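Me: I have a structure here that I would like to talk through with you, one question at a time. Could you take me through it?

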Amino acid sequence: MSSATVIPAYVQRHSFIELDARARAQSLMVPGSWRELVGPFDRIESPWLPMQGIAPQSDDGCVVLKGTITGQPAVLIALEGKFQAGSMGEVSGAKMTAALDLATQDSQNGKKTAAVLLLETGGVRLQEANLGLAVIAEVMASILALREHAPVITVVAGTVGCFGGMSIAAGLSSYIIMTVEARLGLNGPEVIEQESGIEEFDSSDKALIWAINGGEQRVGMGAADELVLDDAEKIATSVQKYVRAGLPQVHRSEQVELYRERTAALDTSRQIDLLTLRKSWNSKTNQGGAR
């Protein structure tokens with residue numbers, strides 16, 4: 001009996017979630033094509049965290065690579081979920097914005113440069129308050145500028161998920177790829193429970209959380225484009241597909257009337273059945289993304 005028969009393919013896979021941000025980013029680029037911009041040895045770190053007794057990180061939890069994917073120019077930005085829950089501060093936000101703006105500049109000059117965002121983040125870094133809010137607004141503006149010329153592809157893979165202002169940034173992307181383990185939502189379960197009570201959202205109910213925010217539900221509702229196994233090769237293949245696809249016919253965030261109609265049709269007087277919602281929304285084809 002072969003090892004392939006004894007050991008399931010899932011166990012043999014190269015887990016993407018288990019990689020750190022730098023390794024994730026490198027796994028998606030053509031080997032030998034990439035170089036890191038403003039890396040850890042440049043030691044550009046947050047000046048605000050030490051003031052609050054928090055050890056900074058020399059890349060501020062944001063990895064930026066410039067290279068190629070399927071032979072096409074690309075910039076890849078990865079947030080490290082293990083550092084301050086991937087939260088966005090002044091330095092990490094400036095790195096992301098500058099990388100997106102350079103990609104836009106290259107695209108305008110005839111060198112179409114796609115962007116891939118690996119988002120493992122709770123949103124704004126509370127320790128940097130208004131600075132964090134400001135950079136997220138700048139990131140959104142930079143995504144909107146770049147997606148006029150080249151696709152912006154977001155990957156949400158790990159269990160940190162993508163929440164807060166960065167979930168809006170994800171929503172502005174041309175395409176969103178998720179794993180079953182990933183979560184995507186505006187407010188995190190703990191925040192909802194804190195502000196509205198446990199009756200509104202029980203943050204200890206993991207099944208409920210993933211049924212609402214999980215990758216399977218988000219893709220099933222059309223809020224994301226593809227559900228991928230936690231496998232570095234499969235995620236790389238999916239990213240390559242969307243880089244080659246170019247711009248969608250219409251971006252999801254431009255379909256304002258579609259989502260207004262869907263929201264208005266919801267009966268909020270009772271608990272919404274999530275599977276029924278998924279089937280209902282999925283039966284109405286989106287114009288943008290891969291749907």
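This is a predicted model: local features need pLDDT of at least 70, side-chain atom pairs count only at pLDDT 80 or more; totals for chains, interfaces and linings use all residues.

Me: Let's start with one side chain: is arginine 24 buried or exposed?
Reply: Arginine 24 belongs to helix H3, which covers residues 21-28. Buried means under 20% relative accessible area. Arginine 24 has 8% relative accessibility, so it counts as buried.

Me: Which residues is arginine 24 in contact with, leaving aside its neighbours within four places in sequence?
Reply: A contact here needs heavy atoms within 4.5 Å. With the neighbours within four places in sequence set aside, the partners of arginine 24 are Phe16, Ile17, Leu19, Leu118, Glu120 and Gly158.

Me: One of those is Leu118. Which residue in E5 stands opposite leucine 118?
Reply: Strand E4 takes in residues 114-118. E4 and E5 run parallel and are joined by 4 bridges. Across from leucine 118, the residue in E5 is valine 155.

Me: And on the E6 side, what is the bridge partner of valine 155?
Reply: E5 and E6 also run parallel, with 4 bridges joining them. In E6, valine 155 has as its bridge partner isoleucine 177.

Me: How many of the residues of E5 are buried?
Reply: In a regular strand, side chains alternate between the two faces of the sheet. In E5, Val152, Thr154 and Val156 are on one side, while Ile153 and Val155 are on the other, and all are buried. Strand E5, residues 152-156, is thus mostly covered, and the count of buried residues is 5 of 5.

Me: Which residues of E6 are buried on each side?
Reply: Strand E6 spans residues 175-178, and both of its faces are covered.

Me: What is the phi of arginine 43?
Reply: Arginine 43 sits in the loop between E1 and E2. Its relative accessible area is 56%, which means that arginine 43 is exposed. Although arginine 43 is not a glycine, its phi is positive, at about 50°.

Me: Where does glutamine 84 fall: buried, partly exposed or exposed?
Reply: The loop between strand E3 (72-79) and helix H4 (90-108) contains glutamine 84. Its phi is positive, near 50°, in a residue other than glycine. With 26% relative accessibility, glutamine 84 counts as partly exposed.

Me: Phenylalanine 83 is in the loop between E3 and H4 too. What is its relative accessibility?
Reply: Leaving aside neighbours within four places in sequence, phenylalanine 83 is in contact with Leu49, Ala55, Pro56, Gln57, Asp60, Gly61 and Arg125. From phenylalanine 83 to glycine 122 it is 39 residues in sequence, and 11 Å in space from C-alpha to C-alpha. Phenylalanine 83 counts as buried, and its relative accessibility is 7%.

Me: How far apart in space are tyrosine 242 and serine 196?
Reply: Tyrosine 242 lies in helix H10, residues 232-245. It is buried, with a relative accessible area of 4%. In sequence, tyrosine 242 and serine 196 are 46 residues apart, and in space the C-alpha to C-alpha distance is 39 Å.

Me: What radius of gyration does the protein chain have?
Reply: The chain has 12 helices and 7 strands, and its C-alpha trace spans about 55 × 55 × 50 Å along the principal axes. For 291 residues, a compact globule would have a radius of gyration near 19 Å. The chain agrees with that value, at 19 Å.

Me: Finally, what percentage of the residues in the chain are buried?
Reply: Among contacts with a separation of 6 or more, 72% are between residues 24 or more positions apart. The chain exposes about 13,700 Å², with 55% of it supplied by carbon and sulfur atoms. Of the 291 residues, the buried share is 48%.

Notes: Residues are numbered from 1 along each chain as its sequence is written. Side-chain values use heavy atoms; hydrogens and water are left out. Helices (H or I, at least four residues) and strands (E, at least two) are DSSP runs, numbered from the N terminus. The radius of gyration is taken over C-alpha atoms; the globule rule is 2.2 Å times the number of residues to the power 0.38. Buried means under 20% relative accessible area, exposed over 50%, partly exposed in between (1.4 Å probe, protein chains only). Accessible areas come from the Shrake-Rupley method with a 1.4 Å probe; for residues, only the protein chains shown count as cover. Two strands pair if DSSP finds at least two bridges between them.
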